[in-house]
Amino acid sequence: MKFLAPLALLFALLFNTASVAFAASDIPDPVGDIYVQDFAQILNEEEKSEIIGMAKKLDDETKAQVAILTVDSLNDSVIEDFSNEAFRKYKLGDKELNNGILIVVAMKEKQVRIEVGYGLEGRVTDIKSGEILDNYTIPYLKEKKYDKAIVSTYKVVYNEVAKEYDLGKDFHQKVPKAPHSSKAESGLNAWQVILIVIAVIVLIILDFIFFRGAITEAVLYMLLSARGGGGDGPRGGGGGSSGGGGASRGW
């Protein structure tokens with residue numbers, strides 16, 4: 001029976017290779033400038049030219065490449081895997097610096113993602129990516145203003161990369177805040193915060209009176225344990241590859 005183990009390992013490797021090749025085949029081949037791959041035909045020519053102009057300027061100065069990919073469908077893929085494969089196929093960013101970013105919009109699934117190369121994860125963190133999507137992308141997508149969503153998101157990401165390289169005001173792009181952004185909707189007023197604090201204090205007091213603090217201790221233990229989890233680790237290496245950072249949203 002020992003001969004079955006190598007056969008099982010070989011089968012697993014072949015299956016994994018086939019799966020990756022199949023996934024990669026769903027990524028459209030790049031057309032024209034790598035910075036704008038608009039297969040869902042969302043952007044007009046003026047918007048494409050504006051993005052390409054900014055992208056070339058940034059690329060020439062820093063070797064960082066920020067690109068857009070829009071598709072009609074993910075073809076049964078999850079957007080995280082799709083974006084990572086597209087990033088690798090397009091080889092965004094410098095080979096040594098891994099300083100690329102890919103913004104992916106999938107129309108059928110109503111999914112959007114910012115995929116960040118390992119070299120820029122310190123600036124465009126998972127949290128930062130999520131905030132950009134919540135405040136500059138999703139509000140426009142919900143209103144079916146897809147081109148504004150893409151252009152605004154691109155400019156905000158572009159500004160973050162420019163800050164990373166201290167490029168100054170000449171590279172800064174003005175970006176108006178999208179209407180009805182989640183940041184404005186999610187805030188708590190002062191009275192709500194006070195009531196929540198009072199409620200927590202009362203619950204802790206009751207816990208110590210009736211349960212000797214057992215519930216509070218258990219909650220603190222879970223919170224402290226959860227802190228060690230972190231976000232997604234790097235899922236790739238080498239030139240022009242994604243580090244696995246970023247964020248995804250649906251609309």
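Serine 83 has its place in helix 3, which spans residues 79-90, in what is a predicted model. With a relative accessible area of 0%, serine 83 is buried, and once its neighbours within four places in sequence are left aside, its contacts are Leu102, Val104, Arg113 and Glu115.

Tyrosine 154, not counting residues up to four places away in sequence, touches Ile51, Met54, Ala55, Val66, Ala67, Ile68 and Ile103.

The structure also holds 2 aromatic pairs. In the pair formed by tyrosine 146 and tryptophan 251, the ring centres are 6.3 Å apart and the planes stand at 55°, so the pair is tilted. This pair links distant parts of the chain, since tyrosine 146 belongs to helix 5 (residues 146-164) whereas tryptophan 251 lies in the segment after strand 5 (242-250), 105 residues apart. Tyrosine 146 counts as partly exposed because its relative accessibility is 21%, while tryptophan 251, at 17% relative accessibility, counts as buried.

A further ring takes part in an arrangement with a charged residue: lysine 57 lies over the face of phenylalanine 171, at 4.5 Å from the ring centre.

Notes. Residues numbered from 1 in each chain as written. Predicted model: local features only at pLDDT ≥ 70, side-chain atom pairs only at ≥ 80, totals over all residues. Heavy atoms only, no water. Phe/Tyr/Trp six-rings, centres within 6.5 Å; stacked < 30°, edge-to-face > 60°. Helix = DSSP H or I, 4+ residues; strand = E, 2+ residues; numbered from the N terminus. Buried < 20%, exposed > 50% of the residue type's maximum accessible area, 1.4 Å probe, protein only. Lys NZ or Arg CZ within 6 Å of the ring centre and 35° of its normal. Contact = heavy atoms within 4.5 Å.
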